[in-house]
Amino acid sequence: MRIVIALGGNAILQRGQPMTAENQRANIRVAAERIADVTQGNEIVVAHGNGPQVGLLALQAAAYHSAHQDVAPYPLDVLGAQTEAMIGYVIEQELDNLLPSDQPLATMLTMIEVDRDDPAFHHPTKPIGPVYDRETAERLKTVSGWAIAPDGDKFRRVVPSPKPKRIFEIRPIRSLVDQGTIVICAGGGGIPTMYDEHGRLQGVEAVIDKDLASALLAEQLHADLLVIATDVDGAYTGWGTPDQRRLGRVTPDELAGLEFPAGSMGPKVEAACGFARNTGKEAVIGSLTDISKIVAGVAGTRVSVSSPC
C-alpha cells in the first residue's frame, strides 16, 4: 500500500517547548518510531510542518537586518527551503537508525506552484513562528510590519497561505517511491513559487498549508491512503465543550455541514475531504501514536466517499 503521512507540527516541536535542535530531534525520533512501525510491506512518503522553524529563521533574519540596515531579510520561500532540508535531514537520520541498512531514504526539496492572483495574498491566515503575549505581539507588529492573530490565549505572526496547484518535482518523487525509497518531501507545504507576468518562475512570500499540499501530493502519487497525523485521535464536533464527540467514519458531504477551527482542524478536514473526493480513496485524521492502528483501519476519523458502516 502506498501511504502519504503528513506529520503535524507537534511531531517536531511541542507547543511551548524551546525551539532547540535537541528538542526537535527528540520529537522527530518519536515520530520516526511510529513511521517505522508501518514501513514493512508499504511504500511510505512523509510530509511535515515547519511553521515554528520558518518563523524562527524569519526572526533571526530580521535581527540580522536590524544590525545591518543595508541587508534585506531572507524571504519566506528561501526560509522554507532551509527548513525542508533541515527537518528532512533529521527525519532521514532517525529513520535510518530504525530501519534495515538497505532501506533507501531521500529528502526532496519541493517547489509547489501557487496562483499569483490567489485571494489569500490579501488575507494572511497562516500562523508561523513562536507564540507571543499580547504586548510582545503588538510590538513586533509595529516594528516588523507583521500581521498578528490570536492563537489560543497567545498570539502569532500570520502570513498568506495560497492554495497549492502543482508539484514541480512530482516525477522524480514518484520515480524514487517506485524504486522503494522512503521520500521526505513537500515539507512545510513545499516552497511556494509562481510565474510572474513575464513567465519567469520565482519564490513567493507565503507559506502553503502543509495538509493541503500533502493531499495534493497523495493524489498525484496515486496513494492508497493519506494519513494526517496530529496530536489528537481524530476530528471532533463541539471540541472543548462537554458535548465534544469524535467522528469515526464519515463522508466529505457529512463533514461539509460541520464547522472546524480555521487555524487547526479546518485545513486537515479540507485536505482529507479533497483527497477522498478526488481519488475515491480514504484519508484519515488521527494521532501520531496511533499510526499502526490507522493503517490497520481501526483508528482515527476516516474520510471516504462511501457511506460509513
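Residues are numbered from 1 along each chain as its sequence is written, and side-chain values use heavy atoms, with hydrogens and water left out. Because the model is predicted, local features need pLDDT of at least 70 and side-chain atom pairs count only at pLDDT 80 or more, while totals for chains, interfaces and linings use all residues.

The largest nonpolar core has 42 residues. Such a core is a set of buried Ala, Val, Leu, Ile, Met, Phe, Trp, Tyr and Cys residues joined through side-chain atoms within 4.5 Å, where buried means under 20% relative accessible area, exposed over 50% and partly exposed in between (1.4 Å probe, protein chains only). Val4, Ile173, Leu217, Leu226, Leu255 and Val269 have the most contacts inside this core. At least two of its residues come from each of helix H5 (170–178), strand E9 (182–185), helix H6 (210–220), strand E12 (225–230), helix H8 (265–279) and strand E16 (282–287); helices (H or I, at least four residues) and strands (E, at least two) are DSSP runs, numbered from the N terminus. H8 provides the largest share, 7 residues. A second, separate core of 30 residues includes Val90, Leu105, Ile184 and Val284. Within the largest core, Leu217 touches Val4, Val45, Ile167, Ile170, Ile173, Cys185 and Ala186, residues up to four places away in sequence not being counted; contact here means heavy atoms within 4.5 Å.

Although not a glycine, Ala186 has a positive phi of about 55°. His222 also has a positive phi, about 60°, and is not a glycine. This histidine sits in the loop between H6 and E12, and His222 is exposed at 57% relative accessible area.

Turning to the sheet, 4 strands form an open arrangement in the order E8-E4-E10-E11, with mixed pairing; two strands pair if DSSP finds at least two bridges between them. Strand E8 (166–167) and strand E11 (201–203) stand at the edges with a single partner strand each, so one side of each has no neighbour in the sheet. Strand E4 (residues 111–113) and strand E10 (residues 191–195) run parallel and are joined by 3 bridges. Glu113 has Thr193 as its bridge partner in E10.

Phe121 lies in the loop between E4 and strand E5 (126–132) and counts as partly exposed, at 22% relative accessibility. Leaving aside neighbours within four places in sequence, Phe121 contacts Val114, Asp115, Arg116, Pro160, Pro162, Val204, Glu205 and Ala206. The C-alpha atoms of Phe121 and Ala206 are separated by 7.9 Å, with the two residues 85 apart along the chain.

Ala206 also belongs to the lining of the largest cavity. The structure holds 2 cavities of 30 Å³ or more, and the largest has a volume of about 60 Å³. On a 1 Å grid over the protein atoms alone, a cavity is a set of points where a 1.4 Å probe fits but cannot get out, and lining residues have an atom within 4 Å of a point; grid points are joined across faces, edges and corners, and a volume is the space filled by probe spheres set on the points. Asn50, Val54, Gly187 and Ile208 are among the lining residues. Helix H3 (residues 76–96) gives the most to this lining, with 3 residues. By class, the lining has 6 nonpolar, 5 polar and 1 charged residues, with Ala, Val, Leu, Ile, Met, Phe, Trp, Tyr, Cys and Pro counted as nonpolar, Asp, Glu, Lys and Arg as charged, and the others, Gly among them, as polar.

Definitions and conventions. 1 Å grid on protein atoms, 1.4 Å probe; cavity = no way out; pocket = protein on both sides within 12 Å on 5 of 7 lines; lining within 4 Å.
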